Amino acid sequence: MSDKNKKNLMWSISLMVIGVSAIILNGSNLLNIELPDIVTRIIGIAELIALPFLIYSSAKILWKEKGGK
């Protein structure tokens, strides 16, 4: 797997994790469904873990597009 594919895969997965968790948290709030505290915390931790991967892969992809190494 090439380096570009790895970065794109990392970007896609981290974006999907953040998006799905945001939909779950906001959707449950809109529908007045109260999630257990532990579920909310696990989803929040998953978002926090995915965020640095999203930032790193986004920066690397943008750096490559601008002619960086």
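A: In this predicted model, the mean positions of the 8 positive and 5 negative charges of the protein chain are 19 Å apart. Here Lys and Arg count as positive and Asp and Glu as negative, while His and the chain ends are not counted; each charge is placed at NZ of Lys, CZ of Arg, CG of Asp or CD of Glu.

Side chains of opposite charge can pair when their charged atoms come close. A search of the whole structure finds one salt bridge, meaning a side-chain nitrogen of Lys or Arg within 4 Å of a carboxyl oxygen of Asp or Glu. The partners are Asp 37 and Arg 41, whose closest N and O atoms are 2.8 Å apart. Both residues belong to helix 2 (residues 37-65), where they are four residues apart, about one turn of the helix. Helices (H or I, at least four residues) and strands (E, at least two) are DSSP runs, numbered from the N terminus.

Asp 37 is partly exposed, with a relative accessible area of 48%, and Arg 41 is exposed, at 53%. Buried means under 20% relative accessible area, exposed over 50%, and partly exposed in between (1.4 Å probe, protein chains only). Of the 69 residues in the protein chain, 13% are buried.

Residues are numbered from 1 along each chain as its sequence is written. Local features need pLDDT of at least 70, side-chain atom pairs count only at pLDDT 80 or more, totals for chains, interfaces and linings use all residues, and side-chain values use heavy atoms, with hydrogens and water left out.
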